[in-house]
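Please read it alongside the sequence and the coordinates.

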Amino acid sequence: SFSSSNTINGGGGGSNGVLVTFNSGSNLSTQNTSGITGSVSVSTGNRGSNSYSTSANYTFNASADQTMSGLPATINNFTISGSGTKTLTANTTVNGTLTVNAPATLAMSTFTLYSPTSIVLDGGASVASSITGTGLLTLGGGVTVNNANTGNNGATISCPIALTNAT
């Protein structure tokens with residue numbers, strides 16, 4: 001069971017396997033190109049399923065393209081960083097802040113990203129952050145664009161947007 005900043009060290013689980021639980025406030029960060037499914041591929045044996053809190057924070061930060069497989073349907077803070085395109089694989093609700101750091105791209109594909117309380121993007125970069133796709137982005141709060149001071153490109157959101165409770 002994990003709280004704010006625990007580390008998983010691999011080891012033999014034997015026939016009983018290992019059960020991984022990420023509690024509220026935990027931070028799960030993955031550079032695996034297959035997302036959480038590729039990062040936490042431990043055997044649970046006969047202990048049940050791995051558990052990922054909807055109040056945990058999730059970061060996808062590979063220096064390559066990533067699929068976001070294994071991401072819970074509801075999460076707290078959601079950070080996209082590193083480089084390459086990070087692609088949603090299911091509808092997702094963000095109850096906290098969505099951050100897309102330059103030069104990463106969040107590809108919504110055809111999925112919906114519901115109600116982040118705020119969105120933070122990086123502009124002023126040689127390759128700015130972006131959100132793309134045909135899926136719907138529902139805004140539950142404001143959008144902030146930070147100046148990365150590394151170039152002249154602006155951050156972009158080029159997917160359909162719905163305004164809900166936005167300020």
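A residue counts as buried under 20% relative accessible area, as exposed over 50%, and as partly exposed in between. Ser109 has a relative accessible area of 30%, so Ser109 is partly exposed. The model is predicted.

**Aromatic pair**

- The count of aromatic pairs comes to one.
- The ring centres of Phe60 and Phe78 are 6.1 Å apart and the planes stand at 85 degrees, so the pair is edge-to-face; the angle cut-off for that class is over 60 degrees.

**Largest nonpolar core**

- In soluble globular proteins, nonpolar side chains tend to be buried together.
- The largest nonpolar core here holds 26 residues, and those touching the most other members are Phe78, Leu106, Leu113 and Ile131.
- Two or more residues of this core come from each of β4, β7, β10 (97–100), β13 (118–123) and β15 (137–139).
- Beyond four places in sequence, Ile131 touches Leu98, Val100, Leu106, Met108, Ile119, Leu121, Leu137, Thr156, Ile157, Ser158 and Cys159.

**Lys86**

- Lys86 belongs to strand β8 (residues 85–87).
- Lys86 is buried but has no salt bridge.
- The nearest side chain of opposite charge is that of Asp65, 6.1 Å away, whereas a salt bridge calls for a side-chain nitrogen within 4 Å of a carboxyl oxygen.
- What the side chain of Lys86 does reach is the backbone oxygen of Ala62, at 2.8 Å.

**Tyr114**

- Tyr114 sits in strand β12 (residues 113–114).
- A relative accessible area of 34% makes Tyr114 partly exposed.
- Not counting residues up to four places away in sequence, Tyr114 touches Asn91, Thr92, Thr93, Val94 and Thr138.
- Tyr114 and Ala162 are 48 residues apart along the chain, and their C-alpha atoms are separated by 9.2 Å.

**Backbone geometry**

- Most residues other than glycine have a negative phi, and most peptide bonds are trans.
- The peptide bond from Ala102 to Pro103 is cis, with omega near 5 degrees.
- Pro103 is found in the loop between β10 and β11 (105–107).
- Ser109 is not a glycine, yet its phi is positive, near 55 degrees.
- The loop between β11 and β12 contains Ser109.
- Asn149, likewise not a glycine, has a positive phi of about 55 degrees.
- Asn149 is placed in the loop between β16 (142–147) and β17 (156–157).
- The relative accessibility of Asn149 is 62%, so Asn149 counts as exposed.

Notes:
Residues are numbered from 1 along each chain as its sequence is written. This is a predicted model: local features need pLDDT of at least 70, side-chain atom pairs count only at pLDDT 80 or more; totals for chains, interfaces and linings use all residues. Side-chain values use heavy atoms; hydrogens and water are left out. Rings of Phe, Tyr and Trp (its six-membered ring) pair if their centres lie within 6.5 Å; planes under 30 degrees apart count as stacked, over 60 as edge-to-face and the rest as tilted. A nonpolar core is a set of buried Ala, Val, Leu, Ile, Met, Phe, Trp, Tyr and Cys residues joined through side-chain atoms within 4.5 Å. Buried means under 20% relative accessible area, exposed over 50%, partly exposed in between (1.4 Å probe, protein chains only). Helices (H or I, at least four residues) and strands (E, at least two) are DSSP runs, numbered from the N terminus. Contact means heavy atoms within 4.5 Å. Lys and Arg count as positive and Asp and Glu as negative; His and the chain ends are not counted. A polar contact is a pair of N or O atoms within 3.5 Å; within protein, one must be able to donate a hydrogen and the other to accept it, and residues adjacent in sequence count only if both atoms are side-chain atoms.
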